[in-house]
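Please look over the sequence and the structure below. A short report follows, taking one part at a time.

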Amino acid sequence: MILGLYNYWIVIILMMIGFYIVIAHGNLIKKIVGLTIFQTSVFIFYISMAKVDEGTAPILAEGINQYSNPLPHVLILTAIVVGIATTALALALAVRIKEAYGSIEEKDIQEKDNLDC
Amino acid sequence: MLTHLPVLQVIVPLMAAPLCLLLNRPRLVWLFTLIVSGLAFVISGLLLQQVLTSGTIIYDLGGWDAPWGIEYRIDLLNAYLLVIISAISTVVLFAAHTSIREEIPASRHTLFYILYLLTFAGMLGIVATGDAFNVFVFLEISSLSAYALIALGKDRRALWASFQYLIMGTIGATFILIGIGLMYQMTGTLNMEDLSKLLPDVEQTRTVFTAFAFVIVGICLKLAMFPLHLWLPNAYAYAPSIVTAFLAATATKVAIYLLIRFTFSIFNLSFSFTHVPLQILFLVLGLAGIFVASTTAIYQTNVKQLFAYSSIAQIGYMIVGFSVSSVAGLTATLLHLFNHALMKSALFLALGAVMYRIGSTQLSQFQGLGRQMPLTMAAIVVGGLSLIGVPLTVGFVSKWYLVVAMIENGWWPVAVLILLGSLLAVVYVWRIVEVAYFKPALASTKTIKEAPLAFLIPVWVLVIANIYFGIDTRFSVEVAHAASMNLFQGLSGVNR
């Protein structure tokens with residue numbers, strides 16, 4: 001039970017680590033790292049569920065009649081692209097924030113915003 | 001040609017976005033974007049007409065039959081949403097060229113329109129598609145470009161607001177992705193109609209409950225439902241005026257659509273409302289949203305932020321209507337969706353005009369504007385009255401239907417609370433009226449003139465729509481009612 005679902009335990013652990021970092025850390029880069037870990041856990045989740053016991057890669061060849069489900073792999077390729085775009089945009093924003101505020105700490109940014117008001 | 005309308009609806013703006021790069025002359029790109037948006041509006045109008053006469057349209061992408069291929073499915077609800085989004089986008093774009101000249105450096109104008117078209121295409125895609133995973137992809141297309149649009153704001157706080165929105169939005173979208181994954185794991189399909197048929201067999205499993213929870217929380221993050229609304233006020237307040245007018249009127253509406261689609265069509269009604277205590281949860285959160293956000297709105301000093309909080313409160317009304325889970329309640333939600341889009345686009349566009357003339361939307365700067373910009377301020381007053389729900393405006397129509405739905409259901413206290421919530425709207429609208437009409441003009445704004453026609457025309461088109469649909473409710477009520485009747489029959493109620 002526990003060992004058999006080993007992939008899913010990893011997924012949950014990674015997901016929680018990522019989520020925790022996003023919430024708990026004030027540094028924008030760390031937040032982005034957390035977000036990426038969080039998203040990656042979902043990629044592993046999709047890939048794990050595609051696995052069919054005893055299955056191989058889905059190739060049309062002699063002797064292969066049990067193969068893993070390729071659809072989740074394809075789906076997650078799309079999600080990986082989305083993830084990269086998100087990370088790139090987040091990093092670009094972090095650069096612009098650093099230029100504008102001179103800091104990438106949430107606390108400092110909030111303080112400067114409060115002064116502006 | 002006509003049979004390809006469902007896909008053209010999404011493809012046209014999507015393809016038009018990179019074409020903007022080739023044009024690369026601000027005025028030309030603006031005209032091009034306007035034409036594309038107008039075209040999308042015509043397509044959505046044709047689709048709505050087609051749905052009204054001959055029922056649900058099903059379009060298989062690339063000729064691959066569902067559930068293997070991706071299908072686009074346009075029923076009354078989808079067509080209604082498509083019309084709202086494309087109509088608001090087109091009207092708002094009229095003012096875009098004038099507005100962004102003041103707010104965005106000229107070198108970024110082309111990029112602005114590209115992002116705008118991508119956001120637009122993403123929203124249309126979410127609504128048009130009948131495939132759960134496709135929803136996620138379009139959601140990310142529209143969200144990523146929306147983050148970038150918000151970051152184009154003049155103030156540096158726009159960057160910070162955009163970053164916060166990005167974090168919250170990505171968590172929301174990833175939640176939806178997890179939910180869809182779990183649903184796929186249980187059913188082996190991503191097609192919405194197929195899911196709705198296969199889910200009931202497995203609905204008593206923990207996996208399906210988890211999937212439902214992830215999807216709902218993800219959508220609620222996107223829709224800024226109280227208490228997941230924290231990203232919204234700053235994002236709306238510091239984005240360029242055009243972006244605020246467009247997003248405030250459409251983005252959250254698309255999320256409401258997703259909420260309805262997932263709870264009513266994909267998961268069925270008995271699952272969403274009896275196995276899961278969604279009703280009491282949404283009723284309480286919706287009401288809390290109305291009161292907390294309206295009260296916060298009263299204390300804002302930035303008018304854009306004030307109306308952003310009011311948006312959260314209005315979402316509360318939609319959620320309350322949704323939580324009744326009766327035809328009347330859902331009709332009220334769908335009506336309010338349309339009406340709120342009209343109000344908020346008019347209001348934020350009028351604020352864009354103020355921004356154009358004064359360069360600020362601080363309430364203190366509004367002193368005496370009632371005399372200097374009479375038409376713009378009159379538009380804000382009418383929009384405000386509509387927010388309150390004064391008769392002869394659209395706001396009254398949807399509040400009326402909402403209150404009637406509550407009473408029909410025997411929820412008297414809720415009906416009273418809704419009316420009390422409207423009184424809070426009176427307070428925050430009055431604050432603006434008081435400053436604009438009863439205070440002398442500031443020395444610095446003495447020479448301010450009325451906003452240019454590029455603003456006045458779209459603003460007043462929207463304001464007149466606010467009054468017109470408040471008097472002649474045939475279109476909005478009929479479509480909203482028919483759409484909610486449809487929803488209660490479920491997705492499989494239509495014949496292919």
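This is a predicted model. Start with strand E2 of chain B, residues 71-74, which is covered on both faces. Glu71(B) and Arg73(B) are buried on one side. Tyr72(B) and Ile74(B) are buried on the other.

E2(B) has a partner. Strand E1 of chain B, residues 57-60, pairs with E2(B) in the antiparallel sense. Four bridges join them.

**Chain B as a whole**

The secondary structure of chain B amounts to 21 helices and two strands. Its radius of gyration is 21 Å, close to the 23 Å that the globule rule gives for 496 residues, so chain B is as compact as a globular protein of that length. Three further values describe the chain.

| Property of chain B | Value |
|---|---|
| Box filled by the C-alpha atoms, along the principal axes | roughly 70 × 60 × 40 Å |
| Share of the 496 residues that count as buried | 63% |
| Share of contacts with a separation of 6 or more that join residues 24 or more positions apart | 80% |

**Helix H5 of chain B**

Helix H5 of chain B covers residues 109-128. How many of its 20 residues are buried? The count is 19, so H5(B) is largely enclosed by the rest of the structure. Its length also fits expectation. At 1.5 Å a residue, the 20 residues should span 28 Å, and the end C-alpha atoms are 29 Å apart, which agrees.

**Where the chains meet**

Chain A contributes 26 residues to the contact with chain B, and chain B contributes 22. On the chain A side, H2, helix H3 (71-101) and helix H4 (106-116) each supply at least two residues. Which helix gives the largest share? H3(A) does, with 13 residues. By type, the side of chain A that touches chain B holds 19 nonpolar, three polar and four charged residues.

**A loop residue in chain A**

Asn27(A) sits in the loop between helix H1 (6-24) and helix H2 (28-50) of chain A. Asn27(A) has 16, so it is partly exposed. Leaving out residues up to four places away in sequence, Asn27(A) touches Ile104(A) and Glu105(A). Ala94(A) is 67 residues away along the chain, yet its C-alpha atom and that of Asn27(A) are separated by 9.9 Å.

Technical notes. Residues numbered from 1 in each chain as written. Chains lettered and ligands numbered in written order. Predicted model: local features only at pLDDT ≥ 70, side-chain atom pairs only at ≥ 80, totals over all residues. Buried ≥ 20, exposed ≤ 12 C-beta atoms within 10 Å, placed from the backbone. Contact = placed C-beta atoms within 7 Å. Rg over C-alpha atoms; globule rule 2.2 N^0.38 Å. Nonpolar A, V, L, I, M, F, W, Y, C, P; charged D, E, K, R; others polar. Expected span 1.5 Å × (residues − 1). Pairing = 2+ DSSP bridges.
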